[in-house]
Amino acid sequence: MAAHVPDLQTRHKLEHAFPAQAAIGGIRDEERLLRAVEAYRFFYPSVSAEAIFEGIRASGIPDGRGLMILAAGPRHIVFTANSDTPYASGVLDLTTGPVAIDLPAGPYIGLVDDHHQRWVADLGIPGPDAGAGGRHLILPPDHTGDVPAGFHVARSATYKALLALRALPRHGDGDAAREALRLVKVYRLADPGNPLPYFDLSRVGNDCTPLRWETNLQFWEQLHRIVDEEPVPDELRPMYGALAAVGIVKGGTFAPDAHTRDILERAARLGLDEMRVEAFASNRHDRLAWGDRRWEWVSLVSDDPDFEADSYLDLQARDRWFFQAIVASPAMFRRQVGGGSLYWLAARDASGAYLDGGRTYELRLPHPVPASLFWSVTAYDASTRSQVATAQDRAVIGSLGDAVGPDERGEIAISFGPTPPAGGDARWIQTAPGRGYFLYLRIYGPEAGAFDGSWRPGDLVEIGPGRVARTPLPEAIATPARVDTSIGALELPLGIPTRETADRAYAYLDELRAVEAFTSSLAPVSLYAIREGLRGAGIADHDVLLFPRLMDSRSLFLTANADTVYFVAFLDLGDGPVVVDVPPRVLGVADDMWFRWVTDFGISGPDRGEGGRYLFVPPDHAGALPEGGCYICRSRTNHVLLLGRAFLEDDDPAPAEASIREHLKIAPYVAGGVGSSIAAFLRGDGPLAAPIAPPRMRFVDGSGLAIDTIPPNDASFFDMLDAVVQLEPASAMDPELAGQFAALGIVKDRPFDPDERTRQQLARSVALANAIARVIAMRPREQECFGYYDGSAWLNTLFVGGYTFSQPPAVVGERGVEPAADPNARALASRTAFFYLATGVTPAMAMRLTDVGSQYLGAFVDANGEPLDGAYAYRIVLPPGIPAARFWSVTLYDNQSRSMLQTDQLYPRAGSQAYPSPAAVASDDGSIAIHLAPACPDGVARGNWIQTVPGAGYFAILRFYGPQASFFDRTWRPSEIERVAR
């Protein structure tokens with residue numbers, strides 16, 4: 001009987017791989033929550049735009065009926081508005097047709113964004129008129145009429161759009177700039193005689209933010225109204241699908257029940273938290289403006305107002321921007337000399353702590369600041385993302401309205417704090433105790449120094465009475481008092497972890513070490529499991545497990561084949577070297593107990609298939625060795641695996657069995673016998689002994705046996721690891737690996753006796769590690785380079801790092817042997833994937849040499865990337881000229897055990913040999929189709945069908961023994977595994 005293999009661990013209970021009834025509701029809630037969070041973040045700019053519209057309406061200006069003039073200050077709640085320039089803004093209502101904007105010549109900077117805050121047009125200096133004046137026309141999304149000449153034309157994707165316009169004050173004259181805004185004429189194209197009136201609201205407080213909506217159901221109600229009012233852009237349809245999943249559909253009624261309201265409000269809070277992290281605690285390397293400063297780019301994407309990177313929409317950059325700011329334009333993101341404007345963020349002081357309104361800081365800017373138009377520093381409240389509101393009623397210092405010449409150090413010093421500094425308040429911005437804040441440093445018309453590193457602002461340095469500014473601490477050195485991590489928030493006040501943080505960090509470290517130990521020790525534990533499986537079946541060291549009728553699916557061996565006559569034996573070198581006489585015409589490997597290659601024997605070994613004598617020497621052997629007559633092989637462990645394969649002759653395994661029984665001999669080495677000359681004895685180089693008597697061999701017939709050799713996936717994995725550590729010399733392990741095991745309590749010559757808590761933790765770690773190993777082996781990332789063909793599911797794990805997992809195999813061709821480039825690194829994913837699925841590592845599996853050794857391709861998914869399911873029918877087509885000089889085969893393996901799939905067919909294979917199942921039959925065109933299905937399809941020959949089991953997942957391995965050139969140069973390629981309709 002086959003050993004029980006436990007199911008994979010999942011977060012939710014399953015019933016025969018179906019979701020359990022009790023879990024369905026929770027899973028659906030999680031799905032809706034996840035979709036809602038993504039929708040919240042994606043449509044936050046849309047709701048933020050609606051909040052701007054609502055703020056304008058609340059000031060008494062209906063959509064399309066007027067424009068607001070605003071010299072922004074702390075009384076205005078507007079995300080990161082500046083006080084350097086007055087604004088003119090309003091809602092353009094395109095439902096009645098195009099809107100025209102006549103812009104005089106002058107220092108205007110403006111834009112139009114649609115209802116989703118997507119860029120429509122730039123105006124003025126950054127626009128097509130370049131400040132020389134011009135006429136602009138904004139078309140509604142469905143406009144099909146004629147467009148008059150003389151306009152710069154842009155089309156909005158929505159019927160409501162936002163106009164935002166600024167006039168730069170000449171010589172700091174803000175009143176003149178406000179009057180310049182009134183010279184801009186905005187009107188419906190159909191009614192040019194009635195331009196929109198202007199209303200100056202500079203002295204009236206208003207709120208143009210979604211702060212009152214962003215954590216409650218009103219956010220979703222406002223979003224539903226936008227969806228109803230506006231067209232659906234094709235590029236946003238996927239995200240409209242996410243909205244539909246939470247009940248927001250264009251033309252539909254939005255009436256969530258109490259349970260759904262709770263999910264939506266949770267999603268709003270989660271989404272807001274996630275955006276806040278992107279805004280103020282991003283870990284992206286490209287956020288830093290200068291490597292030795294805390295200053296960060298507000299925008300992480302240059303030039304593109306729609307946040308498009310080379311091949312994707314940069315959602316992190318988009319979240320970061322719209323959490324802090326409003327409107328988007330190429331000019332706001334342009335990083336070039338003289339072009340547009342630059343925005344830098346400072347939310348932390350030089351020590352890495354967030355800015356605190358109760359503390360006093362100093363900012364020093366080298367003079368002159370590289371700005372051809374103007375520069376400014378503005379303080380914003382972290383809660384409102386609007387200008388800090390204090391009794392001072394000022395949040396900005398800059399070049400337009402302040403005396404900002406250099407001090408004796410040639411720098412501009414600006415202070416921030418609750419009370420004015422001793423030198424006066426001319427260059428001081430008041431902050432509020434108990435409130436966090438952040439700064440924007442703006443440069444309009446940036447000069448070269450802003451880009452080439454020759455000009456850099458200082459970090460904010462905390463100062464106080466009787467104190468001088470502290471030496472800035474680089475961010476790479478500082479440790480914040482609180483860090484948000486994947487295991488939650490970790491508290492480190494004064495740089496020292498709290499006890500709770502220490503406990504959590506150690507628990508995580510233990511888990512990491514256990515996972516690493518699992519993936520690093522798959523090889524020795526797998527080999528120990530094989531030895532234990534054999535010993536459990538009564539097969540001792542130096543006995544030989546032989547499969548005269550081939551191995552079938554009743555035994556659990558990792559990806560063994562059903563095509564060759566296997567023989568398996570373990571050597572015990574504990575009492576000294578061991579002599580092995582190997583049969584001719586075999587393909588074999590000897591690996592030590594850490595599954596490190598010791599030698600090949602047979603066709604790919606030094607005997608080259610002629611048979612020969614091998615002497616295996618233990619790691620600490622210091623005695624005499626023969627001068628010749630055998631191949632000497634040193635092992636780093638006291639036990640060695642012999643794994644050999646002999647080949648059928650005319651589809652008959654009997655000759656191979658007979659040869660193995662006749663020639664395979666294992667015996668202790670006697671020093672001074674054959675291979676040691678009498679002269680050596682006379683020189684005193686060793687003893688003189690009689691020839692070795694032929695040993696009496698014990699062969700155990702393995703055909704039909706049910707032997708379990710699979711390593712466990714529970715905490716007993718580490719018991720088995722300890723057993724192999726105790727079995728072998730300490731020198732068998734690298735010190736780094738030994739340290740990894742020691743961290744878990746596994747140390748040579750010490751008992752491994754974890755308490756119940758530790759054992760439970762190890763069990764959890766194994767469940768995670770097992771899943772990770774499966775991911776690496778069965779769902780590898782493209783960067784692992786396991787794919788053998790472009791765009792194919794067929795994988796080869798060994799070609800990445802070769803049999804040592806540190807050097808890809810050499811190329812063998814007309815120019816001889818060309819070694820591959822040395823990566824100077826271990827291919828860890830390749831090692832994990834190989835030993836999770838296979839046993840017996842040898843260069844013969846990873847050499848680009850025709851006619852020698854064997855090659856393997858594995859596939860875990862079908863042509864559509866879906867797992868292979870035993871309930872369905874599939875087909876593999878092998879084109880003519882299959883590149884295998886000796887034989888080829890396709891074998892199926894159970895996903896759980898990674899051993900041959902157990903069905904009514906004892907040998908779940910199809911191939912070129914007619915034993916142990918009929919040979920596959922070629923089609924008229926020479927191709928061979930292999931069918932994988934629960935029952936043999938009509939008209940398909942028995943040798944072309946491999947049986948599968950409904951309810952069981954499996955994978956396939958395609959083997960080539962004696963591989964040919966077309967395999968290596970990839971000119972021959974199998975089809976993908978195609979699902980066949982029934």
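Two strands are taken to pair if DSSP finds at least two bridges between them. Strands (E, at least two residues) and helices (H or I, at least four) are DSSP runs, numbered from the N terminus. The model is predicted: local features need pLDDT of at least 70, side-chain atom pairs count only at pLDDT 80 or more, and totals for chains, interfaces and linings use all residues. Residues are numbered from 1 along each chain as its sequence is written, and side-chain values use heavy atoms, with hydrogens and water left out.

Strand β15 spans residues 360–366. Its pairing with strand β21 (residues 461–463) is antiparallel and covers 3 bridges. Here Y361 stands opposite E462 of β21. β15 also pairs with strand β18 (residues 411–417), again in the antiparallel sense, over 6 bridges. In that pairing L363 faces I414 of β18. β15 is mostly covered, with 5 of its 7 residues buried. Buried means under 20% relative accessible area, exposed over 50%, and partly exposed in between (1.4 Å probe, protein chains only).

An open sheet of 6 strands runs in the order β7-β6-β10-β4-β3-β12, and its pairing is mixed. Its edge strands, β7 (119–124) and β12 (198–200), each pair on one side only. From one strand to the next, the twist averages 20°. Strand β6 (residues 108–114) pairs with β7 in the antiparallel sense over 5 bridges. Within this pair, G110 stands opposite L123 of β7.

Helix α1 (residues 21–58) lies across β3 (67–70), β4 (87–93) and β10 (160–167). It runs at about 75° to β10. Helix α2 (residues 174–182) packs on the sheet and touches β3, β4, β6, β10 and β12. The direction of α2 makes about 140° with that of β10. Axes are lines fitted to C-alpha atoms, for helices over the stretch in contact, and angles run from 0 to 180 degrees between N-to-C directions. Contact means heavy atoms within 4.5 Å.

The protein as a whole has 17 helices and 43 strands. Its C-alpha atoms fill a box of roughly 115 × 75 × 60 Å, taken along the principal axes. Of the 982 residues in the protein, 53% are buried. Among contacts with a separation of 6 or more, 72% come from residues 24 or more positions apart. The accessible surface comes to about 41700 Å², and 52% of it belongs to carbon and sulfur atoms. Accessible areas come from the Shrake-Rupley method with a 1.4 Å probe; for residues, only the protein chains shown count as cover.
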